[in-house]
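Here is a short briefing to read with the structure open beside you. Take it one topic at a time, and look for each residue as you go.

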Amino acid sequence: MNLTLKIWRQKDADTKGQMIEYKVTEISEHMSFLEMMDVLNEQLVNTGKEPVAFDHDCREGICGTCSMYINGEAHGPDRGVTTCQLHMRMFNDGDTITIEPFRAKAFPVIKDLIVDRSSFERIQQAGGYISVNTSGNTTDANDILVPKDNADEAMDAATCIGCGACVASCKNASAMLFVGAKVSQFALLPQGRIEATDRVKNMVAQMDLEGFGNCTNTGACEIECPKGISLENIARMNRELMKAQLD
Ligand code: SF4
Ligand code: FES
């Protein structure tokens, strides 16, 4: 198929960006969206132009780096997939595709489609872990029994890949689906209860400090999340925070 691409180009964080139009031809419907971007970049390099900068690593829906806003949707028109898993068969010959970086105050643009999501790292560092004593007296994991339902819900929450689509889709640029998932994956397990009070307080405080907005229950985050993280996790985080504040 032949396509017209309108892509956000921005030299660096201090330079104003703009949409630039490109044409790509002979794109196979079996290509992934990133492979189509590779074709464009090869074309740009071969004609002495600067390729479009975009983030990617695993190209199999695991690392969460390939964040792009495609035709007004985070990760594009398909459901339950990241940009690297999006296939060109979702588009038609002759289509015009608009490609922009994720936009949020807490995700400043670094270059073209790459944004700085280190705010997520700082939220994780504020409490998204369990302190484990590894000085020779570790407990066998099987010694701590976990109810099956809790284990399943914790595992579902742990599938969050930190891509930031929830933030990009939210009119308030709220990170509550991400933080809710990270709080929940520990809150549901006995191992996570020990530091639960400090964890939720510190992660929510860091989230606010980074400039993310509040949740107003629109639910766009849940729809656009490539990992199907449920809004239930936001409710659980709010309950955890209330409990922690009363402690
Ligand atoms: S909650 Fe979903 S959309 Fe948000 S960072 Fe995690 S995987 Fe991405
Ligand atoms: S490149 Fe890793 S999730 Fe897309």
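The shell of residues around ligand 1 is made up of eleven nonpolar residues, two polar ones and no charged ones. Keep in mind that you are looking at a predicted model.

**Around ligand 1**
- There are 13 residues around ligand 1, and those that come nearest are Cys160, Cys163, Gly164, Cys166 and Cys225.
- Two elements, α4 (165–169) and α5 (176–187), each give two or more residues to this shell.
- If you sort the shell by class, you will find no charged residues in it.

**Helix α5 and its partner α7**
- How far apart are the axes of α5 and α7? They are 11 Å apart, and the two helices pack at an angle of about 165°.
- Angles over 145 degrees count as roughly antiparallel, and α5 and α7 are therefore roughly antiparallel to each other.
- The crossing in which α5 passes α7 is right-handed.
- On the α5 side, the residues that meet α7 are Met176, Val179, Lys182, Val183 and Phe186.
- On the α7 side, which belongs to a helix of residues 196–209, the partners are Arg199, Val200, Met203 and Met207.
- By class, this contact of α5 with α7 holds seven nonpolar residues, two charged ones and no polar ones.

**Helix α5 and its partner α9**
- Helix α9 spans residues 232–246, and its axis comes within 8 Å of the axis of α5, with the two crossing at roughly 70°.
- An angle from 65 to 115 degrees counts as roughly perpendicular, so α5 is roughly perpendicular to α9.
- Is the crossing of α5 and α9 left-handed or right-handed? The crossing is left-handed.
- From α5, the residues that meet α9 are Met176, Leu177, Val179, Gly180, Ala181, Val183, Ser184 and Ala187.
- Facing them from α9 are Asn233, Ile234, Arg236, Met237, Asn238 and Glu240.
- This contact of α5 with α9 divides into eight nonpolar, four polar and two charged residues.

**A residue in helix α4: Ala168**
- Ala168 is found in helix α4, one of the elements that give residues to the shell around ligand 1.
- Why does Ala168 count as buried? Its relative accessibility is 10%, and buried means under 20%.
- Setting aside neighbours within four places in sequence, Ala168 is in contact with Tyr69, Phe102 and Arg103.
- Ala168 and Ala220 are 52 residues apart along the chain, while their C-alpha atoms are separated by 9.5 Å.

**A residue in a loop: Thr83**
- Thr83 lies in the loop between β4 (73–74) and β5 (96–100).
- With 0% relative accessibility, Thr83 counts as buried.
- Leaving out residues up to four places away in sequence, Thr83 touches Phe33, Leu34, Cys66, Met68, Ile70 and His75.

**The whole protein**
- The secondary structure comes to nine helices and seven strands.
- Along the principal axes, the C-alpha atoms fill a box of roughly 60 × 35 × 35 Å.
- The protein has 247 residues, and buried residues make up 47% of them.
- Among contacts with a separation of 6 or more, 69% are between residues 24 or more positions apart.

Methods
Residues are numbered from 1 along each chain as its sequence is written. Chains are lettered from A and ligands numbered from 1 in the order in which they are written. This is a predicted model: local features need pLDDT of at least 70, side-chain atom pairs count only at pLDDT 80 or more; totals for chains, interfaces and linings use all residues. Side-chain values use heavy atoms; hydrogens and water are left out. A residue is near a molecule or strand if one of its heavy atoms lies within 4 Å of it. Helices (H or I, at least four residues) and strands (E, at least two) are DSSP runs, numbered from the N terminus. Ala, Val, Leu, Ile, Met, Phe, Trp, Tyr, Cys and Pro count as nonpolar, Asp, Glu, Lys and Arg as charged, and the others, Gly among them, as polar. Axes are lines fitted to C-alpha atoms, for helices over the stretch in contact, and angles run from 0 to 180 degrees between N-to-C directions. Angles under 35 degrees count as roughly parallel, over 145 as roughly antiparallel, 65 to 115 as roughly perpendicular and the rest as oblique. A crossing is left-handed if the near helix is turned anticlockwise from the far one by less than a right angle, and right-handed if clockwise. Contact means heavy atoms within 4.5 Å. Buried means under 20% relative accessible area, exposed over 50%, partly exposed in between (1.4 Å probe, protein chains only).
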